[in-house]
Amino acid sequence: MQSRTIYLIGPMGAGKSTIGRMLSRELNLPFLDTDQEVEDRCGADIPWIFDREGEDGFRQRETFVLESLQGAPAQVVATGGGIVMREKNRRLMIASGFVVFLQASVATQMQRTAKDKRRPLLQRPDREQVLADLYELREPLYREAADLVVCTDRGSPRQVIKEITEAVGMG
Ligand SMILES: Nc1ncnc2c1ncn2[C@@H]1O[C@H](COP(=O)(O)OP(=O)(O)OP(=O)(O)O)[C@@H](O)[C@H]1O
Ligand SMILES: O=C(O)C1=C[C@@H](O)[C@@H](O)[C@H](O)C1
Ligand SMILES: [Mg+2]
């Protein structure tokens, strides 16, 4: 039985939500997506929260979710792409689980977020530049928090899951 929570971090389109849900089934653990949890608790969607409360308000809500997970039974947690921006969030994840950085190139992120209407930071014509700038800023923070780094550019979600389960000794 996997005894520690597994946190998936990484940029938009890395596959945190997709792989997280599949991994939770594989390990027979509950699944939580912080983006979904923030929306459920607030009763509004992410674009609405960004609009009314700004990115800061959204980040505060992410922190509340992570705080409430401390001490909870092991689960698989998919996070939002910017969760590492707060040092407190990085500390909360490192202290309470095994952190996996799902890596994806900007080209991959572009492909996987192409039709997206729900990610407020990408609703601009210079989407590629935004993704590149965010990645440059955030990559050191993903690495700082990570116990394991898995590249998702090639290979199926299944292969990514295999790498993770092997690393946590469940493969
Ligand atoms: N390893 C993969 N190979 C191919 N497609 C993938 C892979 N992982 C995810 N995808 C696809 O990429 C898209 C985005 O994935 P997903 O929503 O899981 O990303 P995310 O990391 O949760 O992003 P966000 O940070 O915005 O929540 C989905 O359509 C998903 O099917
Ligand atoms: O990269 C980001 O900052 C974000 C990623 C998404 O998962 C959401 O958390 C939100 O759209 C912000
Ligand atoms: Mg997601």
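Arg-154 is placed in the loop between strand 5 and helix 7. Helices (H or I, at least four residues) and strands (E, at least two) are DSSP runs, numbered from the N terminus. Arg-154 counts as exposed because 8 other C-beta atoms lie within 10 Å. A residue is buried if 20 or more other C-beta atoms lie within 10 Å of its own, exposed if 12 or fewer, and partly exposed in between, with C-beta atoms placed from the backbone. Arg-154 and Thr-108 are 46 residues apart in sequence, yet their C-alpha atoms are 9.3 Å apart in space.

The model is predicted: local features need pLDDT of at least 70, side-chain atom pairs count only at pLDDT 80 or more, and totals for chains, interfaces and linings use all residues. Residues are numbered from 1 along each chain as its sequence is written, while chains are lettered from A and ligands numbered from 1 in the order in which they are written. The average pLDDT of the protein chain is 95, and 98% of the residues score at least 70. This score is the predictor's confidence in each residue, from 0 to 100. Where pLDDT is low, the predicted coordinates should not be read in detail. The ipTM is 0.96 and the pTM is 0.97.

Two strands pair if DSSP finds at least two bridges between them.

Strand 1 (residues 5–9) and strand 4 (residues 97–103) run parallel and are joined by five bridges. Ile-6 stands opposite Phe-98 in strand 4. Ile-9 has Phe-101 of strand 4 as its bridge partner. Strand 4 also pairs with strand 5, in the parallel sense, over four bridges. Here Gln-103 has Cys-151 of strand 5 as its bridge partner. Strand 4 is largely enclosed by the rest of the structure, because six of its seven residues are buried. In a regular strand the side chains alternate between the two faces of the sheet.

The loop between helix 1 and strand 2 holds Asn-28. Phi of Asn-28 is near 60 degrees, a positive value in a residue other than glycine. Most residues other than glycine have a negative phi. Asn-28 is exposed because 9 other C-beta atoms lie within 10 Å. Gln-36 belongs to helix 2 (residues 34–42). Gln-36 is partly exposed because it has 15 C-beta neighbours inside 10 Å. From Gln-36 to Ala-78 the separation is 42 residues in sequence and 9.4 Å in space, C-alpha to C-alpha.

Thr-113 sits in the loop between helix 5 (106–112) and helix 6. Thr-113 counts as partly exposed because 19 other C-beta atoms lie within 10 Å. Neighbours within four places in sequence aside, Thr-113 is in contact with Met-12, Gly-13, Arg-119 and Leu-122. Two residues are in contact if their C-beta atoms, placed from the backbone, lie within 7 Å. Thr-113 and Arg-127 are 14 residues apart in sequence and 9.6 Å apart in space, C-alpha to C-alpha.

Two ligand shells were examined. Around ligand 1 there are 18 residues, the closest being Gly-15, Ser-17, Thr-18, Gly-81 and Arg-112. Helix 1 and helix 7 (157–167) are the elements that give two or more residues to this shell. Helix 1 gives the most, with four residues. A residue is near a molecule or strand if its C-beta atom, placed from the backbone, lies within 6 Å of it. The shell around ligand 1 divides into six nonpolar, eight polar and four charged residues. Ala, Val, Leu, Ile, Met, Phe, Trp, Tyr, Cys and Pro count as nonpolar, Asp, Glu, Lys and Arg as charged, and the others, Gly among them, as polar.

Ligand 2 is surrounded by residues including Met-12, Asp-35, Ile-46 and Arg-119. Its shell divides into four nonpolar, three polar and two charged residues.
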